Amino acid sequence: MLDQDVEIEEIINRLKIIGKIIKNKVTKEQEESFKRWIINIFRNRMEKGERENIDKLLREISEMEVDGMISNLGRKLEEEFKYRERKGREEGLIKGRIEGRIEGKREGIKEGIKQGIKEGKYKVVKNLIKMGVDLKIVAQGAGISYEEVMKIKEEVEKEKH
């Protein structure tokens with residue numbers, strides 16, 4: 001039962017059935033053995049911090065009847081599952097934010113490099129034009145179109161005036 005993917009309500013219902021059987025058909029010693037067994041099963045499936053919460057609850061309910069113990073244990077398990085679910089969502093959000101920031105930085109760096117190369121190329125083309133290098137050679141050397149070189153030449157000429 002605990003190894004399967006079962007809803008908490010189903011676990012509680014099954015435990016209640018077992019509790020009724022135990023209450024009506026076993027000795028007090030067997031009932032105590034069952035209580036210890038069920039306590040250990042749930043305690044061993046929890047992480048350390050959660051185990052301490054379960055231990056506290058189990059100490060409080062160890063004197064109860066099996067029915068009351070199962071109801072309280074079921075309620076506590078439901079709280080623990082909700083807590084784990086909430087904690088998992090929070091951890092997922094944090095992880096997603098971190099991954100998003102990392103990806104954003106990568107993209108920013110990539111774009112920055114592209115922009116830097118473009119600006120550097122623009123400055124070199126501008127300087128070559130000012131030096132009087134043939135515009136076709138400038139275009140070919142910079143890997144840009146002749147039309148782009150002509151636009152940059154117009155900008156250089158406007159700066160002169």
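A crossing of two helices is left-handed if the near helix is turned anticlockwise from the far one by less than a right angle, and right-handed if clockwise. In this predicted model, local features need pLDDT of at least 70 and side-chain atom pairs count only at pLDDT 80 or more, while totals for chains, interfaces and linings use all residues. Residues are numbered from 1 along each chain as its sequence is written, and side-chain values use heavy atoms, with hydrogens and water left out.

The chain has 6 helices and 0 strands, and from the N terminus on its elements run α-α-α-α-α-α. Helices (H or I, at least four residues) and strands (E, at least two) are DSSP runs, numbered from the N terminus. Of the 161 residues in the chain, 25% are buried. Buried means under 20% relative accessible area, exposed over 50%, and partly exposed in between (1.4 Å probe, protein chains only). Among contacts with a separation of 6 or more, 55% are between residues 24 or more positions apart; contact means heavy atoms within 4.5 Å.

Helix H5 (residues 135-142) passes H6 in a right-handed crossing. The axes of H5 and H6 come within 9 Å and cross at roughly 115°. Axes are lines fitted to C-alpha atoms, for helices over the stretch in contact, and angles run from 0 to 180 degrees between N-to-C directions. On the H5 side the contact involves Leu 135, Lys 136, Val 138 and Ala 139, which meet Tyr 146, Val 149, Met 150 and Lys 153 in H6.

The second largest pocket has a volume of about 230 Å³. A pocket is an open set of points on a 1 Å grid over the protein atoms alone, where a 1.4 Å probe fits, with protein on both sides within 12 Å along at least five of seven lines; lining residues have an atom within 4 Å of a point. Grid points are joined across faces, edges and corners, and a volume is the space filled by probe spheres set on the points. Helix H4 (66-130) and helix H6 (146-160) are the elements that give two or more residues to this lining, and H4 gives the most, with 5 residues.

Glu 148 and Tyr 122 are both in the pocket lining, and their C-alpha atoms are separated by 9.9 Å. Glu 148 counts as partly exposed because its relative accessibility is 40%. Lys 126, in helix H4, counts as buried because its relative accessibility is 15%.
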